[in-house]
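Here is a short report on charged residues in one protein model. Keep the sequence and the 3D view open as you read.

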Amino acid sequence: MTPEEKNFLRKIEAEEKIEPKDWMPAEYRKNLIRQISQHAHSEVIGMQPEGNWITRAPSLRRKAVLLSKVQDEAGHGLYLYSAAETLGISRSEMIEQLQTGKAKYSSIFNYPTLTWADVAAIGWLVDGAAIVNQVSLQRTSYGPYSRGMIRICKEESFHQRQGYEAMLALAKGSPEQKAMAQDALNRFYWPALMMFGPHDSESAHSQKSMEWKIKRETNDDLRQKFVDQTVKQIEVLGLDHPDANIKWNEARGHYDSSDLNWDEFWSVINGNGHCNRQRIEHHVAAHEEGEWVRDAITAYNEKKRAKKAQRAA
C-alpha cells in the first residue's frame, strides 16, 4: 500500500473530509461522480412534474410556495453539479450523459402528476424520502458534497413540511378532496419507497460506498426508516395506508411491510416508465433553447478578461 493510500484510509477512518486536491483512489472518484451527478440530475428533472402545476395551483399562496420550491430544486442541482465538477468532470459532460441515457436520475420523477394532490404527495413523500437519505449524506466523506448537503437538507425540510400541510388541507377538506389525497397517496407511496434503490444484496455500489463512507446507511435501512415514520403521518391525515400488510413488529422494533414491485422498479430505471422519454425530451429542448444565454455569458466573460489583460499590459 502506497503512502497516499494509507493517508486516504486514515482520513476515512478518522472521519476527516476528503477534499478536491487530496489524493483519492480512481474508483472513489468514479463512484462519487456517479452518485453526485445522479443526485444533481434528479434535482433538475424533478422540477418538471411540479413545474407542470405552477400555473394551475389552486391559490396565489400555493402558487408562490410551489414556484419557490421549484426554484430551490434548481439551486440544489447547481450546488451538486458544482460539487461534482471539483472531481474533474465538466458540466457539459454530465449533461450529455443525462441526455443520452448514460446517467440515471431518481425513478420517482418518471411518474406523472395527474392532480394537485400529486404535488402535495411529492412534497410530503418524495421530499420526505429525500431527507431520510440526505441527512446521513451530510456526514459523507467528501467535503464539497457534505457541505452542499447541509444547505440542501434545510431547504428540503421546508419542502416536506409544505407538502404535508397541503396534503392535510385536502385530507381534512371535502369528500372529493379527501378522495383525491387518498388516490395520490396510493400512487406515490410505492414509488417513494423505490427511491432508496434496490435491496442491498442487489446494489452494485452500496458495499464500496459504505466502506469509503460516501454512504453512511444502507438502502434497506433508509427505506425502513421511511416506512416507520410515515405510518403515524398517514394516521394523522386520516387516510388509509396503501400497504394492507403494514404491521408493527415488536421484536424488530420496526414495521413489517410488503415487498416492492421490483419488476416495475427495474422497468422504470431502464427507461420504460410513464414519463421517461418526455422528461428527457423536455430537458433537451430547454437546454437547446438556453444555449444563446450560455454563449452570451461566455462571450461577456472573455471580453472582460481581454480588457483586464489589456489594462495590465
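## The negative patch

Glu-291 lies in helix α13. Helices here are DSSP runs of H or I with at least four residues, numbered from the N terminus. Glu-291 counts as partly exposed, because its relative accessibility is 42% (buried is under 20%, exposed is over 50%, partly exposed is in between, with a 1.4 Å probe and protein chains only).

Patch members have over 30% relative accessible area and no salt bridge, and like charges are joined within 9 Å. A salt bridge puts a side-chain nitrogen of Lys or Arg within 4 Å of a carboxyl oxygen of Asp or Glu. Helices α12 (276-289) and α13 each supply at least two residues of this patch.

## The model

This is a predicted model, where local features need pLDDT of at least 70, side-chain atom pairs need 80 or more, and totals for chains, interfaces and linings use all residues. Residues are numbered from 1 along each chain as its sequence is written, and side-chain values use heavy atoms, without hydrogens and water.

## The positive patch

Lys-303 sits in helix α13, residues 291-312. Lys-303 is exposed, because its relative accessible area is 52%. A surface patch of positive charge gathers Lys-303, Lys-304, Lys-307, Lys-308 and Arg-311.

## A buried lysine

Where is Lys-213? Lys-213 is in the loop between α9 (206-211) and α10 (219-237). Lys-213 is buried, because its relative accessible area is 15%.

Leaving out residues up to four places away in sequence, Lys-213 touches Ile-12, Glu-13, Glu-15, Arg-139, Thr-140 and Ser-141 (contact means heavy atoms within 4.5 Å).

Methods. Patch = residues over 30% accessible without salt bridge, like charges linked within 9 Å, V, L, I, M, F, W, Y side chains within 5 Å. Areas by Shrake-Rupley, 256 points an atom, 1.4 Å probe, with all protein chains shown as cover. Lys, Arg positive; Asp, Glu negative; His and termini not counted. Charge placed at Lys NZ, Arg CZ, Asp CG, Glu CD.
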